[in-house]
Amino acid sequence: MKPHDWVQIFLYLGILLAITPLLGMFMHRVFSGRRNILSAVIGPLERLIYKMAGVAPEREMRWTEYAGALFAFNILGIAVLLALQLTQQWLPLNPQNFPNVPFALALNTAVSFVTNTNWQAYSGESTLGYLVQMAGLTVQNFVSAATGIAVLIALARGLTRKSAETIGNFWADLVRATLYLLAPLSMVMAIVLIWQGVPQTFSAYVAAKPPDGIEQLIPLGPVASQIAIKQLGTNGGGYFGQNSAHPFENPTPFSNFIEMLAIFAIPAGLTYTYGLMTKDRRQGWTIFGAMLALFLAGFAISWWAELQPNAVTGLASNMEGKEVRFGVMNSVLFSTITTDASCGAVNAMHDSLTPLAGGVALLNLLLGEVIFGGVGAGMYGMLVFVVLTVFLAGLMVGRSPEYLGKKIEAHEVRWSVVAALAPCVCILIGLAVACSIPAGSATLGNQGPHGFSEMFYAFASAAANNGSALAGVGVNNNFYNYTLAICMFLGRFAIIGPVLAIAGSMAGKKVAPPSPGTFPTTGFTFAGLLVAVILIVGALTFFPALTLGPIVEHLVMGAGRSF
Amino acid sequence: MKTFLVSLRILALLTFVTGIAYPLVITAIGRAAFPHASMGSLIKQDGQIIGSELLAQKTEDPLYFRPRPSAADYSTVPSGASNLGPASNTLKKAIEERRTVPEVPSDLLTTSGSGLDPHITPEAARYEAARVAAARHLPVEPLIALVDQFVEGPQFGLFGEARVNVLKLNLALSHGASAGH
């Protein structure tokens, strides 16, 4: 722990704290349809898109119509991305002449990018042509992120409107998130990344011939444009197989800092947007505080674990799977951030992290990706936990639970439980199946508890829509391609459905003024309760499985045992 | 049906904006503003592309500095890592084989995340300088001095770790050597 490490950490937190209200205010203006600083430039394009698509942006939707539009758009996205991959060898912009992608892998990848998971059972540089990367994957990087933000905004409208029937217009939310927020930020970030050394070209791969060395094929492509949105949209799907560890995706420590900041920027900003929508900024800051506390705790444990000498290999510094330019601190800061937010980009191999640092990454996935979380998805997941917390607090003090002046009733609690438990069910059933049949463990890259962790992490990553991996396990086979595709799909839409249902029912409720008996949903007490509920749900569900993986590995590794 | 048609139109329009216009605009800006970086930071010698500043190359010649070990043997298409856990037998054995003497720096004992890490730590570069000097029948001091010239501190004095780019160092070494002959 050098002083220099602390400077970087405080700089990161300081900048994050500073941009949260700025981005938050901007997003609030965008989603309420008010004029903002980009209106003059982007407004005409936005209106042109509505006109060409036949959309009336002011026409409000009930929650069922909103959900229908969202599902239609996402299913179509899967179909188009699947088709692009299945036919890429006949399409233009494929200078390396990569063949068509096999069906199981193509389906997995299509579901993966549409659900904002960006799990990758392939290496981009040896599988996908430039057209699929940009017109397929880059597009879903944008619109899956925009979908997540749209759901959050719809939920926030539902929670804050009084006796309303509608929760907004999906098309308007989707287009605004893409055009005003994601596209401009991505443009700026892509240019910064090119400056730092990320390639951006349509030239074919280049063969380099060192004077007395071995010929090296240098992969290129429109990389920077994809990496920018990959980070900002908490997508995480690398252009290259080694993701942000690859020097072409993350060439310098500064590019690394920007990439880390980009992951948390929008999820953090949305807490402030939420505060503005509820007309009580403390609502946003309380949630921000709960998220920050969980993030800092996870990072502290990971960092400490990575600095312990390894009793098995005798290494003082755990540099396996890490890059010299980042070192240990920037690698575990990245691993904590990317698993808190459902990003899944990696700048070091999570499979080679120490059991506790890898365990924290896994736990972050298991807690439901609510520690800042995916863009929109983290905040709506957190609001599900808020509803549960309010309900539990109501039970404890013996009052009917209320949130923002509205009664929380059986209907909302039921849907909240569905949303909170859907990923848990996918993870535990998937893991149990993987453990029981040969196909599950046939391709493991490690033995003993670490091999178990590889399977556990795969299902957790898919169901939590994260996309990072303990990548030693070979997942490009029918078993993992299909089972993980199912988990990714349910992990996304079995939450979005209930969340929109809650939005719809809450929108219709009346607001009662707060009374002296109202349980406040701001401040330290509530933040503490919220954190406790998140940890208890996560721990009760997964503690036995965690014991078999990272916990036992940590204990026996300390005793010098290897596998 | 109407919802489906609207979906189709919105997807087509957003594909045009984010999947075609956006990468093209970024490519044009990149080419104009950062021609070297946007093309992969290629290094040319006598008109011939010999590598990229950002990607390690397999180097077996004892007369040169070597990059960190690579689990994928410096493959670029695809790149790869060991993905071995910290208590793995395979990792333990690999590290024992690389640890020919007790003082090998840990970045030279371990493989990187990309398999293409272009850097080694300054300690590793100074450690390798002794081997390179012996192979070249040179005193070690000028090599240490060369390494020190190539140590990059934290970026902007703030970010990341001190490091040495192996390919750049080797190029300087080969220029120096040919100038000396």
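The model is predicted: local features need pLDDT of at least 70, side-chain atom pairs count only at pLDDT 80 or more, and totals for chains, interfaces and linings use all residues. Residues are numbered from 1 along each chain as its sequence is written, while chains are lettered from A and ligands numbered from 1 in the order in which they are written.

Chain A holds 18 helices and four strands. Helices (H or I, at least four residues) and strands (E, at least two) are DSSP runs, numbered from the N terminus. The C-alpha atoms of chain A fill a box of roughly 80 × 60 × 50 Å along the principal axes. Of the 563 residues of chain A, 63% count as buried. A buried residue has 20 or more other C-beta atoms within 10 Å of its own; an exposed one has 12 or fewer, and a partly exposed one falls in between, with C-beta atoms placed from the backbone. Among contacts in chain A with a separation of 6 or more, 79% join residues 24 or more positions apart. A contact requires C-beta atoms, placed from the backbone, within 7 Å.

Chain B has seven helices and five strands. Their order along the sequence is α-α-β-β-α-α-β-α-α-β-β-α. The radius of gyration of chain B is 22 Å, well over the 16 Å that the globule rule gives for 181 residues, so chain B is more spread out than a compact globule. Its C-alpha trace spans about 80 × 45 × 35 Å along the principal axes. Buried residues make up 45% of chain B.

The contact between the chains takes 100 residues from chain A and 80 residues from chain B. On the side of chain A, the largest share, nine residues, comes from H7(A). That side divides into 55 nonpolar, 35 polar and 10 charged residues. Here Ala, Val, Leu, Ile, Met, Phe, Trp, Tyr, Cys and Pro count as nonpolar, Asp, Glu, Lys and Arg as charged, and the others, Gly among them, as polar. A:Pro247 lies in the loop between H8 and helix H9 (253-277) of chain A. A:Pro247 counts as buried, with 30 C-beta neighbours inside 10 Å. Among the residues that A:Pro247 touches are B:Leu54, B:Ser114 and B:Pro118.

Helix H7 (residues 170-196) of chain A also packs against helices of its own chain. The axes of H7(A) and helix H8 (residues 223-232) of chain A come within 8 Å and cross at roughly 125°. H7(A) is therefore oblique to H8(A). Axes are lines fitted to C-alpha atoms, for helices over the stretch in contact, and angles run from 0 to 180 degrees between N-to-C directions. Angles under 35 degrees count as roughly parallel, over 145 as roughly antiparallel, 65 to 115 as roughly perpendicular and the rest as oblique. The crossing of H7(A) and H8(A) is right-handed. A crossing is right-handed if the near helix is turned clockwise from the far one by less than a right angle, and left-handed if anticlockwise. This contact has 11 nonpolar, two polar and no charged residues.

The axes of helix H6 (residues 130-160) of chain A and H7(A) come within 8 Å and cross at roughly 120°. This crossing is right-handed. Its contact includes A:Phe142 of H6(A) and A:Asp173 of H7(A).

Technical notes
Contact = placed C-beta atoms within 7 Å. Rg over C-alpha atoms; globule rule 2.2 N^0.38 Å. Lists of a residue's contacts leave out its neighbours within four places in sequence.
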